[in-house]
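Please look over the sequence and the structure, and then read on.

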Amino acid sequence: MDKLIIEGGVPLEGEIRVSGSKNAALPILMACLLAQGPVELSNVPRLADIHTSLKLLNILGCSCSFEGNRVYSECRNLVPEAPYELVKTMRASVLCLGPLLALLGEARVALPGGCAIGARPVDLHLKALEKMGAEFKLTEGYIKGTCKGRLKGAHITFDFPTVGGTENLLMAASLADGETILENAAREPEVVDLANFLIACGADISGHGTSVITVRGVDSLKGCAYRVMPDRIEAGTYMVAAAITDGELRIMDCPYQELDAVAYKLREMGVWLQEENGYVLVRRENGVLRNVDVTTQPFPGYPTDMQAQLMALMCFGEGAGTVEEKIFENRFMHVLELVRLGADVRLRGRTAMVRGVGKLVGAPVMASDLRASASLVLAGLAAQGATEVQRIYHLDRGYERIEEKLSGVGGRIRRVRA
Ligand code: UD1
């Protein structure tokens, strides 16, 4: 397995460009199943999860090619089965459920199962699709869904503003009979990007970006050309990289308006951020960082996907702070690894208490999930000596060319291939 070797302690300086958003591209790729006619997507990041999605689309009967950062797709004879071999490697595969039911009236999608950051069930997706007339059976590890005729518009109130659930329903409702209203819908920018893609294909959607989305079903969707939004979590990770190494980064293609909650916390810690024409400049304000309290929330609150990175930064802040995780029940696997580097973090339930220690010292660490891996890379960039981050296939699922981008701004980081 590949690993990263990082020699820490170098302030990062220069320009770093943000790639297209993984979490926006994944549902948009699944939405390609709905389009009659060719789709051309640009700004698609070259990541393991995108390759998995393309494999899945090909298996489902949608022929796709990936050239540079463009995906070309065209669907012909769709097949309603997403096999376990693919779903087990990527939970977002469950996003083909809505499109398959809407188009074919049936779907067989392997049940995703647990993952490193908690149980993550899909009950809210299924409950909402049932309100639209679908019926589900769970047998032999598969979710088998059917509906008689087309899905029917419905009034759905989510128990929790689930991102994936909102996305599955947006896709299903776009081709349903009549109007669907989604209440307590997720407001994440990636949900908005999916809605905009569907609209570009001819869907009738309004209210996306708020917690009440209205979808009026149409007879068919056409192909289109669409540019995927930049990745706000990658951008936020590079903001922390500038602050943790006491350097200065110019972050290009930064979706700054989607990073309000992150920018707010970073400012509170003593990080200076300024948006200029198309980029964001980031550095410490006067060299000193102060620790803060943060709680993860659905958008527009502080994102769970930026929790581990902020914790790495807090190891270098003055005083104590807390990190409360409200979205996932088991998202603190980075804590023990940070402790291996010298961090002072104590866990009590879903809250981590972090006391700044001023310095970390490099050691071998093991990445356990995508954002945990990012926090270990950040910690390694600021630690004294060498940090070896093992199991970086997690990172390759979410950060395009990370070692190349970080070494481009002075980071001493290299990949050792297994
Ligand atoms: C998406 C993102 C992920 C991010 C998360 C929260 C993608 C591919 N992934 O994940 O990076 O961390 O949003 O911002 O876009 N839940 C249920 N039942 C359900 C659905 C969800 O209990 O049917 C629970 C989950 O277990 C979890 C919480 O709700 O605890 C949030 O899940 P959800 O918002 O659906 O996140 P994902 O779409 O899985």
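Apart from its neighbours within four places in sequence, E106 is in contact (heavy atoms within 4.5 Å) with P80, L100, L101, G145 and T146. This residue belongs to strand β8, which covers residues 106–110, where helices (H or I, at least four residues) and strands (E, at least two) are DSSP runs numbered from the N terminus. E106 counts as partly exposed because its relative accessibility is 41%, given that buried means under 20% relative accessible area, exposed over 50% and partly exposed in between, with a 1.4 Å probe and protein chains only. Between E106 and N196 there are 90 residues in sequence and 26 Å in space, taken from C-alpha to C-alpha.

The model is predicted, so that local features need pLDDT of at least 70 and side-chain atom pairs count only at pLDDT 80 or more, whereas totals for chains, interfaces and linings use all residues. Residues are numbered from 1 along each chain as its sequence is written, and side-chain values use heavy atoms, with hydrogens and water left out.

Around the ligand there are 18 residues, of which D123, L124, T162, D305 and I327 come nearest; a residue is near a molecule if one of its heavy atoms lies within 4 Å of it. By class, this shell holds eight nonpolar, five polar and five charged residues. At least two shell residues come from each of α1 (22–31), α5 (123–131) and α6 (163–174), and α5 supplies the largest share, three residues.

| Residue | Atom of the residue | Distance to an oxygen atom of the ligand |
|---|---|---|
| V163 | backbone N or O | 2.8 Å |
| G164 | backbone N or O | 2.8 Å |
| I327 | polar backbone atom | 2.7 Å |

On its own the ligand has 740 Å² of accessible area, and the protein covers 85% of it, as computed by the Shrake-Rupley method with a 1.4 Å probe.

In soluble globular proteins, nonpolar side chains tend to be buried together. Setting aside neighbours within four places in sequence, L33 is in contact with residues including L57, L60, C62 and C75.

Conventions: A polar contact is a pair of N or O atoms within 3.5 Å; within protein, one must be able to donate a hydrogen and the other to accept it, and residues adjacent in sequence count only if both atoms are side-chain atoms. Ala, Val, Leu, Ile, Met, Phe, Trp, Tyr, Cys and Pro count as nonpolar, Asp, Glu, Lys and Arg as charged, and the others, Gly among them, as polar.
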